[in-house]
Amino acid sequence: MRWNCVTATDPNLFQAPFRAGIKLDAYQMEPLRKALRMPRVNLFIADDTGLGKTIEAGLIARELLLRKKVRTIVVSAPSSVLEQWQGEMEERFGLLFEILDRAYFTRMRRERGFGVNPWRTHSRFLVSHNLLRDATYADPMREWLGPVVLPGSLLILDEAHHAAPASGGRYGIESKFTHAVRDLSGRFEHRLFLSATPHNGHSNSFSTLLELLDPNRFTRGVKVRKRSLEAVMVRRLKEDIRNVQGGFPRRRVVPVKIDDLPEDAPELLLSRLLDEYREAREERFKTAPKSARAASGLLVVGLQQRLLSSIEAFARSLKTHRGTLERRRRKAADSAGRSGAQGRANRFVSGSWLAGGEGDEDRAAFTGEEAEREEEGQIRDLNASAESAPAADRTEGDPLQRENDLLDRMQRIAEQARGRPDAKTRELVDWIREHLCPGLPPLGKALSAGASPPRWNDRRLLVFTENREGTKRYLRAMLDAAIASTDRAEERIVTIDGLTRGPRRREIQRRFNAVPKEEPLRILLATDAAREGLNFQAHCTDLFHFDLPWNPGRIEQRNGRIDRKLQQAPEVRCHYFVLPQRAEDRVLHVLVRKTETIKTELGSLSQVIDDAVERRLTKSGIRHRDAGRLAREIERADIDAERRRLVNEELEAARERRDDLKRQIARCRDLLQRSRQWVQFEENAFRDALSCSLEIAGTAPLRRVRGEDGGEVWTFPVLDGQTTTDPSWAGTLDSLRRPRRRNQKLTEWRKEEPPRPVVFEDPGILTDDTVHLHLEQRVAQRLLARFRSQGFVHHDLSRACLAQSADSIPRVVLLGRLTLYGRRAERLHEEIVTAAARWVEPGRRDAPLAAYARDAEIRALDLLEQSLARSGGRPVNDVVVRRLLGSAPRDVDELRPQLEARARAMEETATERLRERGERESRELRETLERQRGHVGGELERRESTLLQRTLAFSQAEERQLLADMNSWRRRLEQFDRDLDREPRRVRDFYEVRAVPPVEPLGVVYLWPETN
């Protein structure tokens, strides 16, 4: 019962860390500590990639559910990580989530009727960012949430920076996703935002993101103050944690140089020809309109990116370009086509700032045919935009002929080289031979006659390539051919991309993270659809970038798949290819070095530099004549002094520097220890309780055995009897089995996969050999429910306990529970009440049993804890047992009034502490609102006085956004008076005790002397 107690009287006491299947790190307690100090949780977890933001959010969600402050949870995340969220929440916290998508909508309406709102069919959902913008899914969600705040609701927004206004110009412009999140987030009572890159360098963009989180403290376009930010943000960097407490591997970035290519190698020759083609087009378009020049340049940049990815990808795009260009030139000018297709044309060049983030998830999930059609449309639109220009149409003669000649040469060379191993592929296969599979024959050579198939060692490799259909197919075909002669070749490599969904994605993750001796998979080929959120670090320490994104942040996201929490190796290695003879590679080599500088030195300025570098590269690509200058520009890339000051002031103020981080970790350790002492959760007691419940159910207790690594594990008894009489037990035991394979029948799975051994302390690694049994795990919940659900009545003494004590005095302890509820049945305070007394036989009593005073009661409770922790001892004889059973009803009656008196005193103390906390937080909120009203009024006055001057440099869209923001400030000023009247009172009301159920006895315990 004590393990379920919570309290709001002290915000520094929490339960969730002891109810989760995680390896506790003190730094991960800080978000929970901050959340519990908020009557309405509005928290931004801005920790670095790989520090465990998902776990930190899960701790908060579990604690809020336990306190009944939250009943409904929606997690919005990129579609590629929804299954991982679902698995983490169930495995680590015992929280079951439904993934809400088209299939779920269809299933609910088929099962419950077309008129049902699928959002009303469950209380916890996972939904992709894309669907929040889709009225088909968002409109029913609005109906479910209601027009105002839904009490007890929590929104967790993963990768929250996607909701920030775009940052391509001088003033951030809100996207469709920004509008969608604004409309929906305000309907949730509690909000958690997660992002490693929350600031894009625009103050108004950052303040808008924070306003979506907490409109009481922040207003779009109004300067973010340090004091307000510190109240809602937790920000730590991996390098700081690594230096302060360790626990993360050292990362080594390894350039793989290929510098002995002949001058006529296709990789080098095509690079030079494409550069000549760019110059020829620039000469032809130099008098064309700006839009035509931009479209022409963008097309060449996209072709260059594909060449740097693979000759296969380049050949496919070049062929499409040639065909659409010829068709375009045979047609008359089509100005309508130029204006309407620019958005799709921009996406031909990879890049978050050009392509926009809103369609990334859809494009990642394209089939091969859909990807080809999309790219063909992009190239067609670019050609239309460029070739429709009057100047381009009039230009004839040598420049156009030169372009055609270069296209002919490039297409001929590319067609001859495509499908053959290129220099990068040969080097990658050589690396696999040296480090993964000794004896692997070189590419194109067969294994010697009669030779045994080469065998693989236990190392694994993760290979990333950009989401280009040509490169992905080509690389998979090359690797399949290279390893075809090896042991179990068909099981050694697998691909994960945007089309890999549901059970298939989970199965790949499980296989790649499984013990190599048991799972043959060795090589995982991943597209950039897998660069965010997924865990591949269990047994993989090597990563290859087959091609390099032009955004440093995307490189870092890839590296973070193995450089993250729970990586057991002391070092990870991130490899990339460099062809020094190719001008583009010399620039990209500098880009990778800059990525490491950004990671280690710039902290939260990283996204600003990432976008600036990407914008510089994608604007005109990498010209050979400018390669040296461009490399130097990237090496020196920084942001202007004003923007650096702004980001440092607005975001870095919330970052815990190393000295502060040391103090924070020490504080969290102290709080964790205090909470542990308050909860009094002990592994041995938990294990004994489960064994006791199993014995009551008529089976054997847990059995301790040695695991394969020599550590202690416990096995469950066979529960066939229970599963026969109660079929629901089979579903409960399924949580102990290894994950079910795709297309595996349920009966076959249960037959082939018996329940795994369990452990009671997280091993600190990703493994499926054992199950971490914690308080919220389904099997533990079911076994412990026997004790929680059973009341104490005089004729049912199954809540009576007889224990022996190392003392000469018989004692009796009556246990009760005091619970204080708030306005919506939130558990404000819960506490175990005790009344201990010296036990006297009823026939010898001159008066009712008298409860001990404080010191004597502490002694009795200590004896009780010692007794329960002991094992063995002589059994109490039947005579004593019958005497105590006969006395129990009278003992309870005599101690009950004293138990109730103590409960009333404890109630008064807790109520007063809750009232004081409500008054304090109400006062602080009033001060916050009054300060923010002054800031908004001042910003509005300043903008109105300089509006004309400021908007001269703005585009029309930026000017519209600024005017919209100013209108929102005027409305916000009108709202402040209403908020000042309502919000502080709401905080006070939250801590007001509304219901106190009568204290009922939970059980009675007799401590019988061993010597008697």
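A nonpolar core is taken here as a set of buried Ala, Val, Leu, Ile, Met, Phe, Trp, Tyr and Cys residues joined through side-chain atoms within 4.5 Å, where buried means under 20% relative accessible area, with a 1.4 Å probe and protein chains only. The model is predicted, so that local features need pLDDT of at least 70 and side-chain atom pairs count only at pLDDT 80 or more, whereas totals for chains, interfaces and linings use all residues. Residues are numbered from 1 along each chain as its sequence is written, and side-chain values use heavy atoms, with hydrogens and water left out.

The largest nonpolar core has 124 residues, and Trp85 and Leu462 are those with the most contacts inside it. Helix α2 (residues 53-66) gives the most to this core, contributing seven residues; helices are DSSP runs of H or I with at least four residues, and strands are runs of E with at least two, numbered from the N terminus. With contact meaning heavy atoms within 4.5 Å, and residues up to four places away in sequence not counted, Trp85 touches residues including Thr54, Ala57, Leu126 and Leu194. A second, separate core of 51 residues includes Met410 and Leu617.

An open sheet of four strands shows mixed pairing in the order β18-β21-β19-β20, two strands being paired if DSSP finds at least two bridges between them. The edge strands, each pairing on one side only, are β18 (800-805) and β20 (827-838). Strand β18 runs parallel to β21 (residues 1001-1009), to which six bridges join it, and Leu802 has Tyr1006 of β21 as its bridge partner.

Methods:
Buried < 20%, exposed > 50% of the residue type's maximum accessible area, 1.4 Å probe, protein only.
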